[in-house]
Amino acid sequence: MTLKNFKVLGILLLLLAVFAVGGKKVSAAVEDGDVQYTIGVVVYNQDSPEMNMFMNYYREYIQQGFPVKFYFSGSINSAEDEINFIRAMKLQGVSGIISFYGQDIQKIVEACDEEEMYYVLGSGSISDEDYDKVKTSPYFLGSVGPDAKADYEAGYNMADYFADADTSSYIVLTGGSSAGNYMHLQRTIGVLEGLAEKEGLTYSEDVEKLASSEKTTVVDAGKDDVSITICPGYMTDPKGINNLKHAFVDRNYDAVLCTFNVDEIMKTITSKEEEQGSNIKVGAVDCFSMENHDEINDNDSFGNPKIDYIAGKYASMGGPAFAILYNAMSGHPEANTDDADSNTVRLYQGFWSASDKDTFNELYGYTQDIYKNAYSCADLMKVIKAYSTDTTPDDLKALTEAYTVEDVQKRIEEN
């Protein structure tokens, strides 16, 4: 390509970099050069630390190693929003979609079938019932991400850690558990059952009923020296933040156990620490984001890290979904699955966890380093048939599900 053509292409791509879909801002990660495939990425909120974590991995890392360009959606709040984005991406010549939303999956897959666009869930799972409804679509490629068991275990293990940390007054932030968010519900059930086992508690109500409570609830746990407060709601919603503020007025706490991203309420927590005159230990089932990196490396007024425990996803967990999509876009769906009747796969990953800043920093580094990334471009090329002609679905499954710290360290040592 001549220099003149490069300049023309650059101008055209710049013009496409921002446009409106349903009144929402859409951004493109743009690089001059030979782009073979354009990919739309559905993010539920560009301000979310988790979404920024995945966006940066695709934009700053994957796009540098493959001949691809990414478009990122604005905030997506419904299946209709996602479908509108998918249809707009079709007009931009997008070859496939990686989604971090995927609600009402049957409607969305029907739209992808109409537009003849491949679609994969980038870090999530769907129920068996939903899967059965969409698995025969030629354009639905499946899902990669934690299953319900992983969410439950993340909550249970967090509770197990704090029960051994000289804490007895807990507030459990349940997020969307009462609003149908299945992963938040599983995490909350894990927290409550973990505390019950470690603290020797007996609840007077069913655990799932407690976990899905729509109102702030002080749990009858059967022991006078242990208290648990259930605080429901998203902290971006006025009702949720009001629940937290009222719970903080009512009593003091040793520990906050959060089933979602905790960075947005850190100021509220530190203010409560200063008001009660004692440290509050903070844990979250969240992600290894830049925001959490900054919080765990920053001390509160008592000289303790602002976050004591993190369990969650990490940026390059989005790599296998990209490989699945790339195989389909390049005409090699057989590299994903050897099922003659379906292009669909369901692959599972779990979480990392860290309970001190040194561990967090080490693990976070595995998601940021160009040469020692948890899922590097070289790793992904081994399961993409356009680069490795002898790759098999078993290779893809093995790489995807080798998500643990030990798995990653072994890959880095071997590369």
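Trainee: In which loop is D166 found?

Mentor: This is a predicted model. D166 is found in the loop between α6 and β8 (169–175).

Trainee: What is its backbone like, given that D166 is not a glycine?

Mentor: D166 has a positive phi, about 60 degrees.

Trainee: Is D166 buried or exposed?

Mentor: Exposed means over 50% relative accessible area. D166 has 76%, so it counts as exposed.

Trainee: What about E116, which is not a glycine either?

Mentor: E116 has a positive phi of about 55 degrees. E116 sits in the loop between α4 (105–115) and β6 (118–121). Its relative accessible area is 52%, which makes E116 exposed.

Trainee: Let's turn to sheets. How do strands of a sheet pair?

Mentor: Through backbone hydrogen bonds, either parallel or antiparallel. Here, an open sheet of 7 strands has mixed pairing. Its order is β9-β10-β8-β11-β12-β13-β15.

Trainee: Which strands stand at the edges?

Mentor: β9 (217–218) and β15 (352–354) do. Each has a single partner strand, so one side of each has no neighbour in the sheet.

Trainee: How many bridges join β13 to β15?

Mentor: There are 3 bridges between β13 (residues 309–313) and β15, and the two strands run antiparallel.

Trainee: Now helices. Which residues of α15 are buried?

Mentor: Buried means under 20% relative accessible area. In α15 (residues 393–400), P393, L396, L399 and T400 are buried. They cover an arc of only 130 degrees around the axis, so they lie on the same side of α15.

Trainee: What classes of residue make up the lining of the largest pocket?

Mentor: There are 19 nonpolar, 16 polar and 12 charged residues.

Trainee: How many cavities of 30 Å³ or more does the structure hold?

Mentor: It holds 1. The largest cavity has a volume of about 30 Å³.

Trainee: Which residues line the largest cavity?

Mentor: Y371, K372, N373, S376, D379, I412 and N415 line it. By class, that lining has 2 nonpolar, 3 polar and 2 charged residues.

Trainee: Where is N415 found?

Mentor: N415 is in the segment after α16 (405–414). At 53% relative accessibility, N415 is exposed. N415 is also among the residues that line the largest cavity.

Trainee: What does N415 touch, beyond residues up to four places away in sequence?

Mentor: N415 touches S376, D379 and K382. Take D379 as an example of how sequence and space can be read together. N415 and D379 are 36 residues apart in sequence, and their C-alpha atoms are 8.8 Å apart in space.

How values were computed. Residues are numbered from 1 along each chain as its sequence is written. This is a predicted model: local features need pLDDT of at least 70, side-chain atom pairs count only at pLDDT 80 or more; totals for chains, interfaces and linings use all residues. Side-chain values use heavy atoms; hydrogens and water are left out. Two strands pair if DSSP finds at least two bridges between them. Helices (H or I, at least four residues) and strands (E, at least two) are DSSP runs, numbered from the N terminus. Ala, Val, Leu, Ile, Met, Phe, Trp, Tyr, Cys and Pro count as nonpolar, Asp, Glu, Lys and Arg as charged, and the others, Gly among them, as polar. On a 1 Å grid over the protein atoms alone, a cavity is a set of points where a 1.4 Å probe fits but cannot get out, and a pocket is an open set with protein on both sides within 12 Å along at least five of seven lines; lining residues have an atom within 4 Å of a point. Grid points are joined across faces, edges and corners, and a volume is the space filled by probe spheres set on the points. Buried means under 20% relative accessible area, exposed over 50%, partly exposed in between (1.4 Å probe, protein chains only). Contact means heavy atoms within 4.5 Å. The arc is that of the directions from the helix axis to the C-beta atoms.
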